[in-house]
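Please read these notes with the model open beside them.

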Amino acid sequence: MAIPNPNILVVEDDRETRTLIAKYLRNNACNVTAVSDGREMSRAMADHRVDLIILDVMLPGEDGLSLCRKVRSEAQTPIIMLTARGEDVDRIVGLEMGADDYLAKPFNPRELLARINAVLRRQAAAQAASSIEGASTLAFEGWRIDLRLRELRNPEGARVAVTSAEFDLLRTFCERPGRVLSRDSLLDLTQGPQHRLVRTLHRRAGQPHPPQDRAQSARSDHHQDGALRRLSVHAKN
C-alpha cells in the first residue's frame, strides 16, 4: 500500500456489511474504525487521523452524499462511496460531491481493497508531485540545490560551481531517489520538450533516432559522462 497500515474509516449502517468490511481490511494490514452514521463518523475523525473513508450513501440521518460534500469542503481525505444503487446518475452525483471512487453493492472485498490501494497510490503520487513542484530547494546528505538560483551548496554552506548539465543531472537524480535511470531516460528528462517529443515519436514508430538526434545523443552521452565525473570529484572534496 502507498501508506503502511492505513487508517480506514468505514461508515456503514448495515451491521453485517460493516463487520465483514472491517474484518477483511484488518486481515489485510489496515487499521479500521467502523461506525454506523454521520454523527459517529464526525467523532471518529476528530479523535484520530483518517487516511481514507469508505462511505455508504444510504445512512440514517444525514446521507452519505451530504457527508461527502461536508468532508470535501474541509479536507482532502480520500472517499470511496458504497451504495446499493447502481444507476449512473447516483455514481455521477457521488463523484460530483467529491468522492474519489464509487463501488456498487454487492461487491467483492478484494475489489474494494484494490480500489483503496489505487486511491491511496494516486494521492501519494499527487502529494509527491506537489511537493517537488512547490519546493524551492532539494537536499541530499547535507548538500542543497537551490532550484530558483540554480546553485549547489555543500554541507558547509559553500557554493559549488557546477555547469548547467551538472545541475540538471543533480536535480533529476534528487527528484527521483532510489530509481535507476538509463542514458535515454536521462536524455529525456534533461533535454527540452521538442527533443523529447522527437525521440518519443521515433520510438513509437519503431524507427532509430534520426541522424542529427544520434549525433546529439552521442554528444550528450559525452557531456553526461563528463558531468558525472566532475560531480564525483565535487562529492569527494
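Predicted model: local features only at pLDDT ≥ 70, side-chain atom pairs only at ≥ 80, totals over all residues.

1. In β8, R153 is the bridge partner of R144.

2. The chain as a whole. Its secondary structure amounts to 9 helices and 9 strands. The chain has 237 residues, and 37% of them count as buried. Among contacts with a separation of 6 or more, 52% are between residues 24 or more positions apart. The accessible surface is about 14000 Å², with 50% of it belonging to carbon and sulfur atoms.

3. The β7-β8 pairing. Strand β8 covers residues 151-153 and runs antiparallel to β7, to which 3 bridges join it. Besides the pair named in point 1, I145 has L152 in β8 as its bridge partner. The two strands form a hairpin with 4 residues between them, and R150 in the turn has a positive phi of about 55 degrees.

4. The β6-β7 pairing. Strand β6 (residues 137-140) pairs with β7 (residues 143-146) over 4 bridges, again in the antiparallel sense. Here L138 stands opposite I145 of β7. The hairpin of β6 and β7 has 2 residues between the strands, and E141 takes a positive phi near 50 degrees.

5. The sheet. Which order do the strands of the open sheet take? The order is β6-β7-β8-β9, 4 strands with antiparallel pairing. β6 and β9 (159-160) each have a single partner strand and stand at the edges, so one side of each has no neighbour in the sheet. For reading the side chains, recall that in a regular strand they alternate between the two faces of the sheet.

6. Helix α3. This helix spans residues 64-74, and its buried residues are G64, L65, S66, L67, C68, V71 and R72. An α-helix has 3.6 residues a turn, so residues three or four places apart point the same way. The list of buried positions includes L67 and V71, and also C68 and R72.

7. The start of α3. D63 caps the N-terminal end of the helix, with a side-chain oxygen 3.2 Å from the backbone nitrogen of L65. L65 is itself one of the buried residues of α3.

Methods. Residues numbered from 1 in each chain as written. Heavy atoms only, no water. Pairing = 2+ DSSP bridges. Buried < 20%, exposed > 50% of the residue type's maximum accessible area, 1.4 Å probe, protein only. Contact = heavy atoms within 4.5 Å. Areas by Shrake-Rupley, 256 points an atom, 1.4 Å probe, with all protein chains shown as cover. Polar contact = N/O pair within 3.5 Å; in protein donor to acceptor, adjacent residues only side chain to side chain.
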